Structures are given as structure tokens and as C-alpha cells.
Amino acid sequence: MLEVIFLGTGGIMPTRERNVPAIALRYKGEVILFDVGEGTMRQMNTAKLSPMKVEKIFITHFHGDHYLGLAALIQTMNLWDREKPLHIYGPKYTFEFVQHFLQSGFFRPGFDIHVHELGETRLKFGDYEIWSFKVEHGVPALGYVFREKDRRGKFLPEKLAEYGLSEGPILGKLEREGQIEWNGRIIRLEDVTGPRRKGLKVVYTGDTEPAERVRLFAERADLLIHEATYLNPAHRGDSYHSTVEETCETARRAKVKLLALFHRAFRYTYDEYLSEASRICREFGVDFVVPRDFDLLMFKSGKFSVRNLLEERG
């Protein structure tokens, strides 16, 4: 099961209604952070996410609203006697900027921090991969793809019966080893399972103006989290950001299943933005959400469902 928790959904500066960018992806007990805007530690506390479960942080670029929460997060880990290493990934200059953070004030972390500068890179981590790709934002900036490995097909009851197999340890052995000998026959995993199931694909752009590389890397994503800072080009000026219309066009061309409009400018209220975005996305035929802080998207049984963590607590 995959969960995407929006810890901060706005851009540029925090407001009373929403914080700046931070996204937690929870997968098989691990929490992966994408961007850590100021106040991310407080947002994690509110969402009841432990920083001790975070092993990897992916920063899209070094504008303040995307990384200034890093120092508080690291210091909290240190206060809680963290021992396991933390890995921080980002574009060119990541090593330099993180070192500046770690050398400021009377503070040194008591655990190892490994910094990785990426170009367009494919990183493999057990059951998933993370790909980085270049975006267009006027400074070194990356987007990221979380790609779950394809999974085996479901066991087919009629095939199990045909080979005289039943639920239990023998199926576990078949899954681990790929084939077994049973009743004098060699049975392969693919003999008793359906078609392989495609792994989930989640794409996060960070900040970017419209770019063909985004469309290419977002192709047929289950979820595309794309910045859509402005409702019209006149508000954008020359700021290297995308409008809602441009973002919907990218999602339509990439054939994504669900688009999350992210990084809303502070000049718009949520209701104002949602109303105009709804009109635009309907014209493009795009399935979309406008997440609020503490919205959780959960992927289960082939689709995403949305709920808000704060509303559940009353």
C-alpha cells in the first residue's frame, strides 16, 4: 500500500491556511520526504509522522520554500538520538548548501548524513526505484519519479487446483524460489499466476515552467503532482512557474490517471483556486485533486482515495 501525505501544499511563503512544499510518501513502513519547506517538522508532528522513519530526503531545488525546514528536521533527529544514517538527494550544489546548514550555529549531528548530487539518475532501492529528471526553473532543479517494481500476478485458484497446490508454506516457497518440484512435476510461479501487475508510478515536478521532459517522465503515471502556481499567465510574469491550464495540458498529453495541482500562490484562496481549476481541468478531461495540507492520498485496489488527517480527528 502506498500513501502520499501533503504536509505543505502552497508555494513561495507560508500562510495561516497552508504551509510551503513538503510531501511524505509512505511505503512499506518507510517515509520518504520530497522537499522540506520551513515548518515541515511541525507539520510532521501534526500528521503524526516520525522523523526517525525518514531515511531519504529528495530536494527539488534550493529556493527557500523548498528546503529551509531541513535544519530543524535534522536537529530534531539528533535530539531524539538518531543513529541510522540519513541520505539527502538533490541537484547540483546540494553538497555545498547542506554543508552550510550543518556548519551553522553550535550544532553538529551525531549521526551520519550522506549527500548525493544528482543529474538524471536512476536509483534502485529494493522494491522501488526513484528517477531524477531535469526541469525548467531558472536554477538547478529536478523532478522525481517514484516507481514501484512490477509485481507478480495473483495466484489463480483453478491453476492451483490443477497442480494440486493449496494455500500455505508451499506457495511461499514457490514465490521465493520461482519454481518448485511438486508431485514429480516442476511448477513455475508463472504457471499458477495471472499477468504481472504494473508497479505504481508517482511523479513530483517541484517548481517548473512547462517542459517536454516533464511530460516524458510523467507518461502514464498513476499520480502526477505538478506545480500549478498561477491561474493565469498575467499573474506569473517571468517567474519560471506553470499555470493550471499548462499543467492540465501536460497531464492530458502524458495520459496520467490523477493530477494533483500543487504549489498554489498565496494570492488565491483555496475555494477561489479550486473553482477555477475545476473549470479548466474539466475542459481538458483530466481527473484531478487540489490537495490541502494534511490530505492523504492512498492507493488501494487500483485507485487513489483522499481523506484529510485533521478532519478525521475532529
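**Figure 1. T94 in helix α4 of the predicted model.** In this predicted model, T94 belongs to helix α4, which is made of residues 94-102. With a relative accessible area of 0%, T94 is buried. The side chain of T94 reaches back to the backbone oxygen of P91, and the distance between them is 2.5 Å. When residues up to four places away in sequence are not counted, T94 touches F62, I88, Y89, V115, H116 and E117.

**Figure 2. The four residues of the "binding site" annotation.** The UniProt record, an unreviewed entry, places the annotation "binding site" on D65, H66, D207 and H263. Although these residues are spread over 199 residues of sequence, they cluster in space, and the largest C-alpha distance among them is 10.6 Å. The next three views take up D65, D207 and H263, which are among the residues that carry this annotation.

Figure 3. Is D65 buried or exposed? D65 counts as buried, because its relative accessibility is 9% and the cut-off for a buried residue is under 20%. A polar atom of the D65 side chain lies 2.8 Å from the backbone nitrogen of I12. Leaving aside its neighbours within four places in sequence, D65 is in contact with G11, I12, V20, P21, G37 and H263.

Figure 4. Apart from neighbours within four places in sequence, the residues in contact with D207 are H61, H66, V135, E136, H137, E227, H241 and H263.

**Figure 5. H263 in the loop between β14 and α10.** The place of H263 is in the loop between strand β14 (259-262) and helix α10 (270-284). H263 has a relative accessible area of 0% and is therefore buried. A polar contact of 3.3 Å joins the side chain of H263 to that of D65. Once neighbours within four places in sequence are left aside, H263 is in contact with residues including D65, H66 and D207. Its contacts also include T9, G10, G11, I12 and P21, as well as E227, A228, T229 and H241.

**Figure 6. D191 in the loop between β11 and β12.** D191 is found in the loop between strand β11 (185-188) and strand β12. At 17% relative accessibility, D191 counts as buried, because the cut-off is under 20%. The side chain of D191 reaches the backbone nitrogen of R188 at a distance of 2.9 Å. Leaving aside neighbours within four places in sequence, D191 is in contact with K159, Y163 and I186.

Figure 7. Rolling a probe the size of a water molecule over the atoms shows where empty space is left. How many cavities of 30 Å³ or more does a search of the whole structure find? The search finds one, and the volume of the largest cavity is about 60 Å³. Its lining is formed by I23, L25, F34, Y144, V145, F146, V202, Y204 and I225. Strands β2 (22-27), β9 (142-148) and β12 are the elements that give two or more residues to this lining. Of the elements, β9 gives the most, with three residues. By class, the lining has nine nonpolar, no polar and no charged residues.

**Figure 8. The largest pocket.** About 220 Å³ of space lies in the largest pocket. The pocket is lined by 13 residues, and those closest to its centre are K198, G199, R220, D222 and K257. The residues of this lining divide into two nonpolar, two polar and nine charged.

**Figure 9. The second largest pocket.** The second largest pocket holds about 180 Å³ of space. Ten residues line it, and M1, L2, E148, R151 and L200 lie nearest its centre. By class, five residues of this lining are nonpolar, one is polar and four are charged.

How values were computed: Residues numbered from 1 in each chain as written. Predicted model: local features only at pLDDT ≥ 70, side-chain atom pairs only at ≥ 80, totals over all residues. Heavy atoms only, no water. 1 Å grid on protein atoms, 1.4 Å probe; cavity = no way out; pocket = protein on both sides within 12 Å on 5 of 7 lines; lining within 4 Å. Points joined across faces, edges and corners; volume = space filled by probe spheres on them. Nonpolar A, V, L, I, M, F, W, Y, C, P; charged D, E, K, R; others polar. UniProt positions renumbered as here; feature names shortened; annotations may be inferred. Contact = heavy atoms within 4.5 Å. Helix = DSSP H or I, 4+ residues; strand = E, 2+ residues; numbered from the N terminus. Buried < 20%, exposed > 50% of the residue type's maximum accessible area, 1.4 Å probe, protein only. Polar contact = N/O pair within 3.5 Å; in protein donor to acceptor, adjacent residues only side chain to side chain.
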